[in-house]
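My notes follow in the order I took them.

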Amino acid sequence: MRALVLEEKGRLALRDIEMPHELGPDDVRIAIHTVGVCGSDVHYYTHGKIGHFVVNEPMVLGHEASGTVAEVGANVSHLKPGDRVCMEPGIPDPNSRASKLGIYNVDPAVRFWATPPIHGCLAPEVVHPGSYTYKLPDQVTFAEAAMVEPFAIGMQASLRAGIRPGDIAVVLGAGPIGMMTALAALAGGCAQVLVVDFAQPKLDIIGKYDGITTANLGDTTAKEAVAALTDGWGADIVFECSGAAPAVLDVPNLARPGGAAVMVGMPVEPVPMDIVGLQAKELRLETVFRYANVYDRAIALIASGKVDLKPLITATYAFEDSITAFDRAVEAKPTDVKIQIEL
Ligand SMILES: [Zn+2]
């Protein structure tokens, strides 16, 4: 099957490659329609690794996908050929201790698309477990459905935060995940979300949403911006979505006493944290790794119109132009949020 293959660090090819195609009784075969280009795909392309996940052999990229069911296994009853779907890219061992606890996202045995050595989904067809394949309501487009994966991280962050109605949150970093987190926090009950970053074009994009205000760190500090919004009390929830060392260090300064700090961004190297700062306010520290049991909720929010992700889709490329799409993503223009590929 022809797929977008990362041959090695810095080298992509559209070529035929052997991919799993056997349909088990619990699986569905899906004709892929849209795949979003993710920061992690781009990082494997430019660096050949993320942490201890190293690309040692050719790997198909892509994990943010929607498509149409082509065939279902004998045990699959909730889907049929022709259903429009999106897929959760991590497949845990259903019998693992983590899965039994409902935290299958941190199952050590999880197999996640486009995380070495597992192939991703930038190919015309994939076989996937039916239980991690979600039927789309008619009003959710394939493009929106391919945004469910990154939005699910924002959903997980919101759930971990334990948002209470009327909370004020601050999001550090206006990258795609920061934007998704801000929108999920609003949908989860925050009265106001302040997003801070250095890149004005990104702030202009997310600042268009009702309920979101922005501050440019070139003009002010996060602490001043939060103080202005909360009369000096601090934010109920701080979502750290930048992974930048100075932002991580600043987290305790932004939260109110007894507030929560949610670590979403992933620093490339270990970074220092102000433990006494956290202690002095008795902040609750939460961490986020991917997501579990949020796809249904994410799709429901998009279908209801309460969350509109369409403005965050910047450009769409044909499958044949996948390499061009990736090279554009590598440029990381501040006006680009999500680039998608259509098959
Ligand atoms: Zn992603």
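**Starting at P150**

I began with P150, which is buried in this predicted model, because 25 other C-beta atoms lie within 10 Å and 20 or more is enough to count as buried.

Next I asked which residues P150 touches, leaving out those up to four places away in sequence. I got G36, C38, E64, P176, I177 and M180. I also checked G36 by distance: its C-alpha is separated from that of P150 by 9.0 Å, though the two residues are 114 apart along the chain.

**The helix around it**

I then looked up where P150 sits, and found it in helix α4, residues 148-161.

Why do I call α4 largely enclosed by the rest of the structure? I do so because 13 of its 14 residues are buried.

**Zooming out to domains**

Domain 1 is 2-147 + 309-342, and domain 2 is 153-287. I have 28 Å between their centres, taken over C-alpha atoms. For the contact, I listed seven residues from domain 1 and seven residues from domain 2. I sorted the domain 1 side that touches domain 2 by class, and got four nonpolar, two polar and one charged residues.

Technical notes: Residues numbered from 1 in each chain as written. Predicted model: local features only at pLDDT ≥ 70, side-chain atom pairs only at ≥ 80, totals over all residues. Helix = DSSP H or I, 4+ residues; strand = E, 2+ residues; numbered from the N terminus. Buried ≥ 20, exposed ≤ 12 C-beta atoms within 10 Å, placed from the backbone. Contact = placed C-beta atoms within 7 Å. Domains from an automatic or database assignment. Nonpolar A, V, L, I, M, F, W, Y, C, P; charged D, E, K, R; others polar.
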